[in-house]
Amino acid sequence: MAPSVPAVRPTRRGLAVFAVAVGAFLLGATGGARSLNAVVVPALVALAASAVQLYRADPPTVERSVPEPGFAGERRRVTATVDSGVPCTVHENADPGLHAESLTATVGHGGRFTYDIGYRRRGEYTLGPADCVQTDSLGLFRRTVASAERDPATPLVYPDIYDLDTDLARLVGTFVDDDRSSFDRLREYVPDDSMRDIHWRASAKRPDDDFLVAEYGSRGATDEVTVVGEAATDRDSADAMAATVASVAAHFHDFGVTVAVRVPGGDRIAPPGSVEGLLELLATTGGGRVETDGQPEVHVVAENGTARVTLDDRDVAFEAGGETRGREVVA
Amino acid sequence: MSTAPTAVREAVDDALPAVTDRVSVSRLVALAGVVVTLWAFLSVLHEILVVTGEPEQLYYVIAGAGLAGTVLARVIRPRTALGLGAAAVVGGTYLYVQSLPGGVQFLAVAAPMLTDAWELLAGLSVLRIVNADVWALTAAPGPVFLAWYLGLRRHYAAASAVAGGALGVLVLTGDATTTATLVGVVGVTVAVAFGDCDRRNEPLRNADALVVLLATMVVLTLFVGIVPGAADSLISTEGIGTEETTMESSLVYAGDEVSVTGPVELSPEVRYTVEADRGTYWRAGTYDRYTGGGWVRSGGLRSYQGPLQSPPGDSRTLEQEYTAETEIATLPAANKPVSVSGVPVPVQVTDAGGFQPASPLQAGESYRATSEVPTANSRQLQAAGTDYPEGIETRYTELPDSTPARVAERTDRLTANADNPYDTARVIEQWLENSREYSLDVERPRGDIADSFLFEMEAGYCTHYATTMVTMLRTQDIPARFVVGYTPGQQVTDDEWVVRGYNSHAWVEVYFPEHGWVTFDPTPSTPRESAELETLEDARTDDADGVDTNESRQSPVDPATPTTPNGTLGDGPNGSETTPGGGGTDSGDGGLSIPEIPLPTPQQVGVTLLVLAGILAAGKRTGLNRRLYRAVWLRRAPTGDPEDVVSGAYHRVVYLRELAGREKAPGETPREFLADADDRAKRVGALYERATYGPGIDREGAAEATQLLAELLDERSRLPHRLEKRDTKSESDSI
C-alpha cells in the first residue's frame, strides 16, 4: 500500500497571513498603493516558502527507548527521540492497556521528550507509531502524518507472582522434598548427577578423587519439574493460568528445581536464577490447550478466571491471595 | 489599594533575578523582533512629530509604556492587559478629541470620528489631520504597552500582531514608508519564528533558513510590485529608478501631499483656457506643513456653501472663466478666490480657503471663479508689521525639528539688513533667483530639501526654489506657504489664456497682517519659460495631439509672465537696499568644495547586508560555503612548525583522496587509508606518521611534504594554488 501524501493545510496563523495579504492587496488596488506592496509581497513569500518547506519535509521518525519489562503497578519512563526537519508536535500512541500520561509534546525541529507509562496488566503492549503534526518554521501550514517507525517499542508486563497458599505449598513441598531418610546405596558419580546428591563425607574418605553419590529409596532426580499450563481462551483465565504457573515455578526455584514449562504460547526451561525468559513467555501467552506426552508432573488448568493445580493426582485451587513477590523473583 | 505597592515591589523582586538568569537566545531574538516592529511603528510616529515640531515627548511616552509593560507582565493576566491596552487607545482618543479646537464633547463627535477614522484608513495621511502631534502621541502608548507585555509573557505571535497591526494602520494612512513597512514585516517574521522556538524550548534552530527567507522577502518586495501602482512609488522613494515624472503630476495633481522628486518632464498638452481681464498665476492648491522632504496640506475639506471671506486689505475683483480642455482634477483660481459657480461637480473648500472638485472635470466643462486680488503696494506691505493672527502664525511658521540650523544662520546673514518681513521676503526671492540655476534634470535631494538646495545643489526647479524660500522665511518667523498652480500661460487674445501642462508651477505666498496672502516667486522666469517653449516647439514639430487650441496655434507664444505676478507690485523691490550681491553665494560654504561621493542610504546598506546574509545562509544550507572554503584551503600552503606543515599537507592529501571518492573511515590509520594510493601520497602519510607518532620531523621533511603536495595538486587541476615550489637552492638556504 503506497503511503498517501498527507495534505498540507493552513493553520489559523496561515489563514490570518493570507487574509492580511488579500486585504492589503484589495485596499492597495482600490485606495492607492501606499506601502502595501511591502506587506503583500513578504506575506506571499512567507506563505509560498512555508508551504514548500513543509511539502518537501520528510515525515518525522520517532525512536523510543524500550522500557524494561516489569510487573503490574510498576511505572516506566520512556524517552522518545524525534527526528524532524520542521517543527513537529508528536502525539504518542500508547496501547490503551497501559496507563500513560503526557503523551503529546512539541519538540520543534527534532528533539526528545519523555513520558511515563504505568503497567496495569499482564501482556505485551506496543508504543507507537506516533501521530505527528508538522508545521513549517513560521507555523503557517500544518500536516498530520504518522511517524515513520522502524520498530515500535513493546513493553512487556509479566504475570503476577504470589506466595503459594499453605495447601499448595505443602503439596509442592512434598513433591520436591527428597525423602532422604530412606537411604538406598552409594554409587560412583556420573555426569548429570545432581550436585546436591553428592555424599560429601563418603567421598572425602575415598582414596581416589571420585565423588560418591547417594541414592535414596524414593524418587531421586527431582531437579527438574514439568509444568504444563492450559486455560480457556478468555483473558482472565489466561492471566490466572500465567500467574499460577509463574508462582509455582518461582516456588520450585526456591528449592533449586529447574522448571520446564509448556503453555499455549510456547515452552521454556527455566533453571533457578534465570526466570526472565520464562516470564516473557508467560507475559505473552494466551489461552488454549497444549499437546503433552503423558501426564505432566504439574498441570495448571484455568477456567472462568480461576486456576487449579493438579499434582501427584491431587487437585488444588490456586488462590491469588498470597503476598506478591514479583520483584524478589526477578531480582 | 494598599496591596498595589507591595504587588509592584514583588514584581520588581521577581523580575530582577529573571533578568540576571540566563535567558534563551531564541527569546532574546524573538523579543528583538517585537522591538524592531515597534520601532518601525514608532519611527513613523516620530517622523510625524518631527514634522510638527516636538518629538521629545514621544520618548517619555514610549519609556512609560515600556516600563508599564515590563512591570505588569509580572502582575496581571493577559485579559486584564488587553483591557488596559484597549483603555489606553480609548483614553488616547479621548485626549486627542479634547485637544481639538472648539472643545467638542467626546460623545457628540463619535459619528464624525468614525468617518475620519475611515478616511485615515483609506489613505488620509495623519499629517493632514488637525493636531497631528497630539494624535501621534496618544497613539503610541497602547500598542507599545500591549506588544511588550505580550512579548514578555511569551505570546510572541500576539505581540507581533499588535505591533504589526499598529504599523498596519500607519501603512493604510500612507505615512509608513516602504522601508519602515519592510522593517516591521521583518520584525514580525523574526518574532514569530524565534518566538515559536522559545515556546518549544528549542535553541536557535533553522536560523539560516529564516535569513534566506527574510532576504527573499526584502529583495522581492523591492523588485516586484504586486499591488497596482506599487512599483512606481517604491522606486521613487528608493531613488534607484529613472521613472520620469512630469512637473504637473508632482505638483498640481499631487493631491494632499507634494513630495519633491528627481528629474521631471514638461507636458505641452493644453489643460484649459482662461478668460479673464488680466493674466496672473492660477492657483490650484496651498500647502502648510513642511516635512523636510515635501509638503502636506493639513486640515479637512468642507463643502462649499457660499462666498468665502475677502482678504483683509484693499483688493481688486478678478473674474475668471475656466474651460477644461482635458480631464482636470483641480479648480484653479487666482489668489484669493472668494466664490466659484457653474462647477458641474460638488465643490469642497480646503482649510486654507482653496477650491477642490469632488471629482474631476471633463474636457469642455467650465466654471467661473471670482477672486479678490490684494492690491497693497510695497510701501504698505513694508509697514504691515508682524502682528500676525495666532492661528496663522503657529500654522505657517512651523518647521520640522530636523531642519538644520545652518538654514536659519544663512537666512539671518542674508537678511541682516532687512528690517521688515516684506524686505526679508524680497531679499530671499531675489537671492534665490540670482544664485541658483534653473534645471529640470536634477537628482532628488537627500535629506532636507531646503538645506540641500541651499548648501549642496547648484540647480533646481520651481519646487526647490519655493520650498527653500518658504523654509527660509519660516526661520525668520514670517508666515509663508507653498503654493502650486499654473503660470498665466499663452495669451491668445486680449482676455484669453491657454494653459498647458508645462505651465504648472510652484511659488510662495507670504502673509501680511491687514493684507492677507501675497504672492512671491523665487524661480527665475526666463530659463523656465525657454524650457517650456522648447517643449512646445518639439511637440509641435512632432505633430503631437492636444498641444494647441484653435487660437493658440496662430498667436505668437508670448511668455509675458511678470516676474512678480502681483500686478500692483510691478514697481519691484527697491533693489540696492538689501540685495546682498554675488558675494553672499559663497559666504556660507566655508571654502573648499570636495567632490561629492554619493553615500549609500541606510536603506541601501540594510538591504545589501540582508542580501549578503541571505546568500551566506543559503550557501551554508547547500554546503557551498564549506566546499568553497575547502577549495581555497586546499590551495593555501600549510605554514608553521614542521609538524604543522606536515600535518597540513597530510590533511590536504586526505581531502584530495576523499574528493576522488575514497572516504576515510573514522578508525582508519593513515597507512591503511593510503595503502593503495599514489607513492607520493604514501610518502606524505609516512612523514605524517613520523611527525605525529614517531620521533618528529625536521624542516627538510616538511619541505618534502609541501613539495609532494604541490605535485599532487598540480596533477589534479590546473587551478592556481599557492604552494611555493622550492628549488634546491632555497631549500639549502633554509637549512
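1. In chain B of this predicted model, the contact between α4(B) and α6(B) brings G92(B), L95(B), Y96(B) and S99(B) of α4(B) against V134(B), W135(B) and T138(B) of α6(B). Sorted by class, the residues of this contact comprise 4 nonpolar and 3 polar ones, with no charged residue. The two helices, α4 (residues 78-99) and α6 (residues 132-139) of chain B, pack with their axes 8 Å apart and at an angle of about 165 degrees. Angles over 145 degrees count as roughly antiparallel, and α4(B) and α6(B) are therefore roughly antiparallel to each other. Their crossing is right-handed.

2. The crossing in which α16(B) passes α18(B) is right-handed. On the side of α16(B) the contact involves T424(B), A425(B), I428(B), E429(B), W431(B) and L432(B), which meet Y465(B), T468(B), M469(B), M472(B) and L473(B) of α18(B). This contact of α16(B) with α18(B) divides into 8 nonpolar residues, 2 polar residues and 1 charged residue.

3. How are α24(B) and α27(B) arranged, roughly parallel or roughly antiparallel? Helix α24 (residues 642-659) and helix α27 (residues 699-716), both of chain B, pack at an angle of about 25 degrees with their axes 8 Å apart, which means that α24(B) is roughly parallel to α27(B). Here α24(B) passes α27(B) in a left-handed crossing. The residues of α24(B) that make the contact include P642(B), V645(B), A649(B), R652(B) and L659(B), while among those of α27(B) are R699(B), A702(B), T706(B), L709(B) and R716(B). By class, the contact of α24(B) with α27(B) has 12 nonpolar, 2 polar and 3 charged residues.

4. The second largest pocket has a volume of about 1400 Å³. Of the 47 residues that line this pocket, the closest to its centre are R13(A) and V17(A) from chain A and A157(B), V188(B) and V192(B) from chain B. The elements that give two or more residues to the lining are α1 (12-31), α2 (37-56), β5 (88-91) and β10 (131-135) of chain A, together with α8 (156-172) and α9 (178-199) of chain B. Which element gives the most to the lining of the second largest pocket? That is α8(B), with 11 residues. Divided by class, the lining of the second largest pocket has 26 nonpolar, 14 polar and 7 charged residues.

5. Two backbone details remain, and as background, most residues other than glycine have a negative phi, and most peptide bonds are trans. The peptide bond from N335(B) to K336(B) is cis, with omega near 0 degrees, and K336(B) is found in the loop between β9 (315-324) and β10 (337-341) of chain B. In chain A, N304(A) is not a glycine, yet has a positive phi of about 50 degrees. N304(A) lies in the loop between β18 (298-303) and β19 (306-311) of chain A.

Methods:
Residues are numbered from 1 along each chain as its sequence is written. Chains are lettered from A and ligands numbered from 1 in the order in which they are written. This is a predicted model: local features need pLDDT of at least 70, side-chain atom pairs count only at pLDDT 80 or more; totals for chains, interfaces and linings use all residues. Side-chain values use heavy atoms; hydrogens and water are left out. On a 1 Å grid over the protein atoms alone, a cavity is a set of points where a 1.4 Å probe fits but cannot get out, and a pocket is an open set with protein on both sides within 12 Å along at least five of seven lines; lining residues have an atom within 4 Å of a point. Grid points are joined across faces, edges and corners, and a volume is the space filled by probe spheres set on the points. Helices (H or I, at least four residues) and strands (E, at least two) are DSSP runs, numbered from the N terminus. Ala, Val, Leu, Ile, Met, Phe, Trp, Tyr, Cys and Pro count as nonpolar, Asp, Glu, Lys and Arg as charged, and the others, Gly among them, as polar. Axes are lines fitted to C-alpha atoms, for helices over the stretch in contact, and angles run from 0 to 180 degrees between N-to-C directions. Angles under 35 degrees count as roughly parallel, over 145 as roughly antiparallel, 65 to 115 as roughly perpendicular and the rest as oblique. A crossing is left-handed if the near helix is turned anticlockwise from the far one by less than a right angle, and right-handed if clockwise. Contact means heavy atoms within 4.5 Å.
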